[in-house]
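Please read it alongside the sequence and structure.

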Amino acid sequence: AVQDRIATQAFARAFYGEGSLPFAPVVSWLRNPVFRQSLLALAPHRSRDLARMAPDLIESASLSPQQDAPDEVSPALRRRHLFEALLSVVSGAPAPTWLTLDDLQWADPDTLEWLRFLFRAAAATPLMLVITIRAENIRGDSEASALLDELERSGQLERIELAGLDLE
């Protein structure tokens, strides 16, 4: 008998002018109900890391005042902890995971950096990221272009180029 597979699907869009909002598409993905159980299952220190980024993602009752105290760690280490917390949520969701990101050319640098981390750290995870990008809006020296080139070199990217649609 064929067994139904549970999968995780989430959609996000990067918007022009939102480049200054760190992790906007990532937060949009995590607000999708498919990640609820994965968010609830986070260890308290991982929840604290995410609560700093987007407090509404974490149940306020799950954090005690002592747990919510700021860490005495460097900003670089705090960023690493955040990236690992995000990875825990995505990899803790029912596999396979399919994330869609529309308009990558407008994604903020933090999102692009986390996507790099995700594809290095979760290489064996059944994960597909479908992105759309408007070639006319991306420079060859942009962060988005660099991410795509890196993923292509590592064999983790398949490009499908589509021409613009006409009235027909």
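The model discussed here is predicted. Its salt bridges number 13, and several of them are described below.

**V34**
- V34 is found in the loop that runs between helix 1 (24–30) and helix 2 (36–40).
- Leaving aside residues up to four places away in sequence, V34 touches T8, Q9, A93 and P94.
- P94 is 60 residues from V34 along the chain, yet their C-alpha atoms are separated by 8.4 Å.

**R134 and D103**
- A salt bridge joins R134 to D103, with the closest N and O atoms 3.0 Å apart.
- R134 lies in the loop between strand 3 (127–131) and helix 6 (143–153) and D103 in the loop between strand 2 (97–102) and helix 5 (109–121), so the pair ties together parts 31 residues apart in sequence.
- D103 is buried at 5% relative accessibility, whereas R134 is partly exposed at 41%.

- R116 and E150 meet through their side chains in a salt bridge of 3.0 Å, N to O; R116 is in helix 5 and E150 in helix 6, 34 residues apart.
- R116 is buried, with a relative accessible area of 13%, while E150 is partly exposed at 25%.
- D149 forms a salt bridge with R159, the closest N and O atoms being 3.3 Å apart; D149 belongs to helix 6 and R159 to the segment after helix 6.
- D149 is partly exposed at 30% relative accessibility, and R159 is partly exposed at 39%.
- Through shared partners, salt bridges join R116, R120, E143 and E150 into one network.

Methods. Residues are numbered from 1 along each chain as its sequence is written. This is a predicted model: local features need pLDDT of at least 70, side-chain atom pairs count only at pLDDT 80 or more; totals for chains, interfaces and linings use all residues. Side-chain values use heavy atoms; hydrogens and water are left out. Helices (H or I, at least four residues) and strands (E, at least two) are DSSP runs, numbered from the N terminus. Contact means heavy atoms within 4.5 Å. A salt bridge is a side-chain nitrogen of Lys or Arg within 4 Å of a carboxyl oxygen of Asp or Glu. Buried means under 20% relative accessible area, exposed over 50%, partly exposed in between (1.4 Å probe, protein chains only).
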